[in-house]
Amino acid sequence: MIEARHLRVLRAVAATGSFSAAGRELGCTQPAVSQQMKALEASVGTPLLVRTGRETRLTQAGEALVRHAAGIIAGLTAAEEEVAAIAGLRAGRVRLVSFPSGSSTLVPTALAALRAAHPGTRVSLEEAEPPRSVELLREGDCDIALAFRYEGAGADEWDDLVVRPLLLDRLVGLVPENHRLARSGSVSIGELAGDPWIAGCPRCRRQLVEVCRGAGFEPRIDFATDDYPAVVGLVAAGLGVAVLPELAIESVRPKGARTVTVEPPVRREIVALTLPDLAQVPAVAATLDRLARAARR
């Protein structure tokens with residue numbers, strides 16, 4: 001019989017490349033890791049690891065087991081949490097991953113309401129942009145991923161996940177306050193063709209290039225940064241123009257810059273994602289509900 005603790009150790013060895021590094025990550029000794037790997041290999045009846053000098057690599061069977069480990073562990077976690085809730089243990093643990101503008105707008109409201117309603121539920125927060133946040137979810141390293149995709153993106157990229165739609169976030173233009181279009185109610189993206197651009201995260205950067213190409217020009221991107229305050233600062237200093245999501249503008253005071261409505265409208269869909277098994281866990285379901293309420297504010 002395969003034990004969950006052995007799978008967690010196998011994943012740690014696969015991720016770190018050695019028994020000693022896996023032991024440090026898991027807070028146990030190298031001999032303890034070695035002992036658990038021997039027990040797992042005995043359970044499955046075939047070698048899972050090959051040690052050559054200082055290198056530890058997976059066998060074909062080991063690779064197959066690691067691929068399935070995330071789903072197995074997620075299913076066991078869902079079972080443990082649900083059983084605990086049924087037994088009357090009003091506690092839970094949720095690992096949330098969010099992109100930065102979601103972390104500063106939707107997440108604080110949602111987690112404050114969750115704590116007030118369920119003080120025994122613990123939520124941890126890490127930041128990652130999609131697609132990395134979605135990878136963390138599929139790998140079993142988080143329970144909920146706050147993510148986004150632009151309208152027109154592949155509709156099947158999350159088919160294996162539970163998708164909780166939250167809101168549509170429109171992109172707005174950001175120009176220096178002395179820019180020729182700073183006092184315009186709305187501008188066509190083509191009117192900014194001659195300006196230098198400040199671009200955001202890689203996914204946002206690709207979207208910017210696609211939109212500009214659709215308007216008949218190639219944007220000259222002088223600066224690229226994942227940090228929204230840095231984008232605002234560069235625009236305010238007169239170094240270029242940008243388009244940012246409304247959520248990002250909400251979380252940053254655009255001193256020295258002005259926002260303008262950009263036509264045609266470009267929107268991104270903000271969603272909360274989880275695995276099907278985890279969606280049944282009370283703490284995860286409550287967190288999804290609070291995120292949805294925060295998005296309706």
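Hello everyone, and thanks for coming. Some ground rules to begin with. The model is predicted, so local features need pLDDT of at least 70 and side-chain atom pairs count only at pLDDT 80 or more, while totals for chains, interfaces and linings use all residues. Residues are numbered from 1 along each chain as its sequence is written, and side-chain values use heavy atoms, with hydrogens and water left out.

Let's look at the whole protein. There are eleven helices and twelve strands; these are DSSP runs numbered from the N terminus, with helices being H or I of at least four residues and strands E of at least two. The C-alpha atoms fill a box of roughly 70 × 50 × 30 Å along the principal axes. Of the 297 residues, 47% count as buried, where buried means under 20% relative accessible area with a 1.4 Å probe and protein chains only. Take the contacts with a separation of 6 or more: 71% of them join residues 24 or more positions apart, a contact being heavy atoms within 4.5 Å.

Now the cores. A nonpolar core is a set of buried Ala, Val, Leu, Ile, Met, Phe, Trp, Tyr and Cys residues joined through side-chain atoms within 4.5 Å. The largest one has 72 residues, and L166, W197 and L273 touch the most other members. Helix α11, residues 282–295, gives the most to this core, with seven residues. Leaving out residues up to four places away in sequence, L273 touches a list that includes V134, L137, W158 and L161.

Over to helix α2, residues 19–26. Its buried residues are F19, A21, A22 and G23, and they pack against α1 (4–16), α3 (30–44), β1 (49–52) and β2 (55–58). Just after α2, G27 takes a positive phi of about 75 degrees.

Points are joined across faces, edges and corners, and a volume is the space filled by probe spheres set on them. That gives three cavities of 30 Å³ or more.

Last, the cysteines. How many disulfides are there? The count is zero, taking a disulfide as a pair of cysteine sulfur atoms within 2.5 Å. For C212, the closest cysteine sulfur is in C204, 13 Å away, and therefore too far for a bond. C212 is buried, with a relative accessible area of 0%, and C201 counts as buried at 2%.

That's my tour; happy to chat.

Note on methods:
1 Å grid on protein atoms, 1.4 Å probe; cavity = no way out; pocket = protein on both sides within 12 Å on 5 of 7 lines; lining within 4 Å. Buried < 20%, exposed > 50% of the residue type's maximum accessible area, 1.4 Å probe, protein only.
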